[in-house]
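Work through the exercises below with the model open. Each solution goes step by step.

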Amino acid sequence: MELLTAVSIGLLFATGIFQLLRRNVIRSAMGLMILANGVNLFLLTTGAYDGTSAAYTTEAGVHSDALPQALILTAIVISMGGTAFVLSMLYIISARYQTADMDEVDNLKH
Amino acid sequence: MTMNLLVILPVLIPLVGAVIALLWRHKRPLRDAWTLAVMVVSMLASFVLLAAVWQNGSPLVYQSGGWPAPFGISLVADMLSALFVVMVQVVMVTGVIYALGSKDTVVTYPAFFTFFLMLVTGLTGTILTGDLFNLYVFAELLVISGTVLTAVSDDKFGTEAAYKYFYISLLASFFMLLAVGTLYVSYGTLNMADLGAKVMADGERPLLWPGIALLLAFFMVKSAAVPFHFWQPDFHAAAPTPVSAMLSSVVVKLGVYGFLRMTTLLFVAQAPTIRLILLVAGVIGVVFGGLSAIGTHNVKRMLAYSTLAQVGFILVAIGWGTQLSIMTAIVFAFNHSLIKAAMLMLAGYVASRASVKSAAFDIVTGVGKPLPLAGVLFFVGSLALAGIPPTNGFVSKSLLFSSGINSTFYWSLLLIGVTSIFTLMYTIRAFQRIWWLAPAEGIYTKPAGDNLAAPVLLLIMIVALGIWASPLVTAAQEASAWLSDPSVYIQAVLGG
């Protein structure tokens, strides 16, 4: 379980950062989303996450730490809002320049 | 207990005000009057908070929901945060006043003031919160409202600048989340006071240094410190004038606040390393910001680059790390907020009177001829930015140099002393082009533009704080005395 989580976090980070560095704006936005998931998965692993019974109950068995899960919930909501906003800005920019190549969106240089 | 409720008021008032402003979004006069009233009441609340904290002699803590300290979210007001909240709210009031008198289309949008008040909520919240994750949430609120306000700017490159900023901000918030994760897995707490105490007790956990680095990167993005500065000139130059005056003055101070908290509360034993990084970043920022400001062709962009340099001075002061230089950093941050807000508003005012709405030098050259009042204000603002009496800029510069002489980093003192001259060069060049040179063919001055009330108010404060600096300096002295002993903060939050 630990190995699987570690490998998936690594893969998500690698893919996310690779896509982030692409010139295509859509791809770089995708990179952000993938990276967000990697970060959330990392947050999950910071607490005990493989419990077998519900937290804050008297049930027998191993409990999970509920705090990182609450953090992830908040982070997911915020990153969803952020992603929606990024995509809407991308829509305006790519419609204005008729391209998805970041190198051609260069009016700010002047 | 009733005293402790004061802590939440500067966050709660703008938040409630923002929601109600949204309900009245189509009744413009009502919405405008409501926003101004909310901001003024909120500013008064922050002054009351500062007075209460000062009189109380120890930090005021509000435990939200009544949960005891390391488990619930605490809102903490010590002298540093109370002083920063006052700074934020004073500048934001003038921002609202400028927006009310602005001719931009962006201020007529129904949700403009809602987002403006959300910006205040986010910034005040990040400064008052005593919980790392809560800090992330408030910082996101701040980023989203700032970006929305810029994306709808009258400047046609607003959306691109906003995209650039939002992209790097999302990355910064990933840094923050990773820092929260690494610190939580190392110390099992998110409460800043509790974390500070635990790091002091055991500074050997393997994930501590990655956590520090990630948190440092987050605050460096927020304050546009040097390796993470590239978004800042575009973003601050493209934002609508009332918003860019806020972004370039108080919003960058969030990072400054974060550095002060990191070096004096969270990672006290690790502070020398953090300070050295800040010192280097600050010196590079001063040199790079000053040189870039000299080389730009746009007044607003010049002032945005100047923010890089001025934040660099503050980072250098934090980097020296003595009690005197921390006091200097607080005074400098306060004064720079007033000066930069005033200067950007004046730049925006000149742009609003130019034939095309732009702050580029070839369009605004000579526009100032019929605007003598703005010229006087800009000149006094330039003096303040360069640190020449009788303005508050002189107070902060002289404190900076006298605290530098007492520290051991003479090379940095020498460098920033020499590069201080840049400030005078670029502000006087802008003044000369706008108010002295004859306008080119086809350039004329519009008969009406934005209202000058807000910069006048700010300039009055700038000169008043230059002549009568003792209240601010005494408050900052008190704040840095509290910061020199982290147990003041920790005991107030955790009790005992």
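**Exercise 1.** In this predicted model, find how much area chain A and chain B bury between them, and what share of it lies on carbon and sulfur atoms.

*Solution.* 
Step 1. Take the size. The size of an interface is often given as the accessible area lost when the parts come together.
Step 2. Read the total. Chain A and chain B bury about 2,800 Å² between them.
Step 3. Count the residues in contact. Chain A brings 32 residues and chain B brings 30.

**Exercise 2.** Find the salt bridge and count the polar contacts across the interface of chain A and chain B. Then say which elements and residue classes make up the side of chain A that touches chain B.

*Solution.* 
Step 1. Search for salt bridges. The rule finds one across this interface.
Step 2. Name the partners. R96(A) meets E160(B) through their side chains, at 4.0 Å from N to O. The cut-off is within 4 Å, so this pair counts.
Step 3. Count polar contacts. Five residue pairs qualify across the interface, both residues at pLDDT 80 or more.
Step 4. Assign elements. On chain A, α1 (2-20), α2 (25-45) and α3 (66-97) each give two or more residues to the side that touches chain B. α3(A) gives the most, with 15 residues.
Step 5. Sort by class. This side of chain A has 24 nonpolar, six polar and two charged residues.

**Exercise 3.** How many cavities of 30 Å³ or more are there, and what lines the largest cavity?

*Solution.* 
Step 1. Rolling a probe the size of a water molecule over the atoms shows where empty space is left.
Step 2. Count. The rule gives four cavities of 30 Å³ or more.
Step 3. Size the largest. The largest cavity holds about 70 Å³ of space.
Step 4. List its lining. Among the lining residues are Q310(B), F332(B), H336(B), L385(B) and K397(B).
Step 5. Assign elements. α15 (323-353), α17 (372-386) and α18 (392-405) of chain B each supply at least two lining residues. α15(B) gives the largest share, four residues.
Step 6. Sort by class. The lining has four nonpolar, five polar and one charged residue.

**Exercise 4.** Which elements give two or more residues to the lining of the second largest cavity?

*Solution.* 
Step 1. Size the space. The second largest cavity holds about 50 Å³.
Step 2. List its lining. It includes D78(B), R261(B), W482(B), D485(B) and Y489(B).
Step 3. Assign elements. The elements are α12 (253-266), α21 (470-483) and α22 (486-494) of chain B.
Step 4. Sort by class. Seven lining residues are nonpolar, one is polar and three are charged.

Conventions: Residues numbered from 1 in each chain as written. Chains lettered and ligands numbered in written order. Heavy atoms only, no water. Contact = heavy atoms within 4.5 Å. Buried area = accessible area lost by both parts, 1.4 Å probe. Polar contact = N/O pair within 3.5 Å; in protein donor to acceptor, adjacent residues only side chain to side chain. Nonpolar A, V, L, I, M, F, W, Y, C, P; charged D, E, K, R; others polar. 1 Å grid on protein atoms, 1.4 Å probe; cavity = no way out; pocket = protein on both sides within 12 Å on 5 of 7 lines; lining within 4 Å. Points joined across faces, edges and corners; volume = space filled by probe spheres on them.
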